[in-house]
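Work through the exercises below with the sequence and the model open beside you. Try each task before you read its solution.

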Amino acid sequence: MKIKLENKTIEVNKLPLGKYAELLKALDELPKKISSLDGLENEEILTKLPIIIADSLPEFIKIICIASPLTEDEVNSISLDEAVDVVLGIIKVNNYQGIFDKIKNLTAQKSVKVETK
């Protein structure tokens with residue numbers, strides 16, 4: 001997915017499994033505010049991003065650097081609206097909502113006890 005920034009256009013691609021694991025570890029370092037995103041649609045996540053960014057800037061920059069082709073210096077120089085565009089591109093391309101739903105369904109299936117006679 002191509003994302004137009006003020007000074008250039010970047011392409012955000014699906015993350016390979018190793019990078020995905022690195023991203024999940026970085027997400028784990030975010031304050032508990034990130035837990036408020038569970039179960040929200042992409043559009044709802046957008047409304048919470050500015051507060052998460054403000055409260056967790058170093059972690060947020062690290063996440064963008066892992067999941068996009070931008071360097072730390074480049075992330076520091078983009079505007080808030082560009083940062084939101086990049087994050088939304090990352091979410092969309094990597095189908096985080098679909099993955100979250102699959103994991104949630106798998107967890108629910110494992111918690112259901114089957115009685116046998």
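**Exercise 1: one residue and its surroundings**

Once its neighbours within four places in sequence are left aside, Val 84 is in contact (heavy atoms within 4.5 Å) with Leu 46, Leu 49 and Ile 53. The model is a predicted one, in which local features need pLDDT of at least 70, side-chain atom pairs count only at pLDDT 80 or more, and totals for chains, interfaces and linings use all residues. Residues are numbered from 1 along each chain as its sequence is written, and side-chain values use heavy atoms, with hydrogens and water left out.

Task: find the element in which Val 84 lies, and decide whether Val 84 counts as buried or exposed.

Solution. Begin with the element: Val 84 lies in helix 5, where helices are DSSP runs of H or I with at least four residues, strands are runs of E with at least two, and both are numbered from the N terminus. Next, take the accessibility: Val 84 counts as buried because its relative accessibility is 8%, and buried means under 20% relative accessible area, exposed over 50% and partly exposed in between, with a 1.4 Å probe and protein chains only. Finally, compare sequence with space: Val 84 and Ile 53 are 31 residues apart in sequence, while their C-alpha atoms are 9.3 Å apart.

**Exercise 2: the largest nonpolar core**

Task: state how many residues the largest nonpolar core has, and which elements give two or more residues to this core.

Solution. A nonpolar core is a set of buried Ala, Val, Leu, Ile, Met, Phe, Trp, Tyr and Cys residues joined through side-chain atoms within 4.5 Å. The largest has 29 residues, and Ile 64, Leu 70 and Val 86 have the most contacts inside it. Two or more residues come from each of helix 1 (17–28), helix 2 (42–55), helix 3 (57–67) and helix 5 (80–93), with helix 5 giving the largest share, seven residues. As for Ile 64, leaving aside its neighbours within four places in sequence, its contacts are Leu 70, Val 75, Ala 83, Val 86 and Val 87. In soluble globular proteins, nonpolar side chains tend to be buried together.

**Exercise 3: the whole chain**

Task: describe the order of helices and strands along the protein chain, and give the share of residues that count as buried.

Solution. First, count the elements: the protein chain has six helices and two strands. Then read along the sequence, where the pattern is β-β-α-α-α-α-α-α. Lastly, turn to burial: 33% of the 117 residues of the protein chain count as buried.
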